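Reader: Here is a model I would like to go through term by term. Please set each label against its cut-off.

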Amino acid sequence: MAILTDYASKPDCEVEINLQLVNDESVKFHIHFRSGPAFPEVHTEIVCLKRDFLRLLDDLKQIDIKHLSMLEAHDPGLCIYHIPLFGSYYYPGYGFLQVPEHERDEWEPYYRLIFVLDAGEKNNYSATETGPALCLKVKMEQINEFVACLKLEVNNF
């Protein structure tokens, strides 16, 4: 079991992944979204190719604070979007905004990850990349621990 918790929220928002089955070719896991007592827990079971699951974990460790990322396995079920901290943002009525390079040292870097469960895959057996989502603000150390925990579980299963 690996849990990635939002470092800024109280009560804690978190994504939990519990491996159920790992073999030479595939990984089956339960994923849970929790966002405190005000919202119900969302969870589902996902099966994907083992190499895709491991690639998704490796990709997660390579995101940066300047570039938008979309991480997904070939099999539908889970997409992870990364919204960069220092990207160019367009605000209707105001235009583009980007934090100047000289001000970035004043910010504590974090990564905004949006985990999306594919409702189309569960409801219609077709990938839609849309469905229930949970957004977390995390630090790279948290991402590295989350990935290391899951890789260790895959290798020890």
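Author: Helix H3 (residues 140-156) has 17 residues and, at 1.5 Å a residue, should span 24 Å; its end C-alpha atoms are 24 Å apart, which agrees. The expected span is 1.5 Å times one less than the number of residues. Helices (H or I, at least four residues) and strands (E, at least two) are DSSP runs, numbered from the N terminus. The model is predicted: local features need pLDDT of at least 70, side-chain atom pairs count only at pLDDT 80 or more, and totals for chains, interfaces and linings use all residues. Residues are numbered from 1 along each chain as its sequence is written, and side-chain values use heavy atoms, with hydrogens and water left out.

Reader: Which residues of H3 are buried, and what puts them on the same side of H3?

Author: Met140, Ile143, Phe146, Val147, Leu150 and Val154 are buried (under 20% relative accessible area; exposed is over 50%, partly exposed in between, with a 1.4 Å probe and protein chains only). They cover an arc of only 125° around the axis, which puts them on the same side of H3. The arc is taken from the directions from the helix axis to the C-beta atoms. The face turned away from the buried side carries the exposed residues Glu141, Glu145, Leu152, Asn155 and Asn156.

Reader: Why is S9 called largely enclosed?

Author: Of its 7 residues, 5 are buried, so S9 is largely enclosed by the rest of the structure. S9 pairs with S10 in the antiparallel sense over 6 bridges, where pairing requires that DSSP finds at least two bridges between the strands. In that pairing, Leu113 stands opposite Leu136 in S10.

**Charged pairs**

Reader: What makes Arg34 and Glu14 a salt bridge?

Author: Their side chains meet at 2.9 Å, N to O, and a salt bridge is a side-chain nitrogen of Lys or Arg within 4 Å of a carboxyl oxygen of Asp or Glu. Arg34 lies in strand S3 (residues 26-35) and Glu14 in strand S2, so the pair ties together parts that are 20 residues apart in sequence.

Reader: Is Arg34 buried or partly exposed, and what does Glu14 count as?

Author: Arg34, with a relative accessible area of 21%, is partly exposed. Glu14 has 16% and is buried.

Reader: How many salt bridges does the structure hold?

Author: The structure holds 6. One of them joins Asp58 and Lys151, whose closest N and O atoms are 2.3 Å apart.
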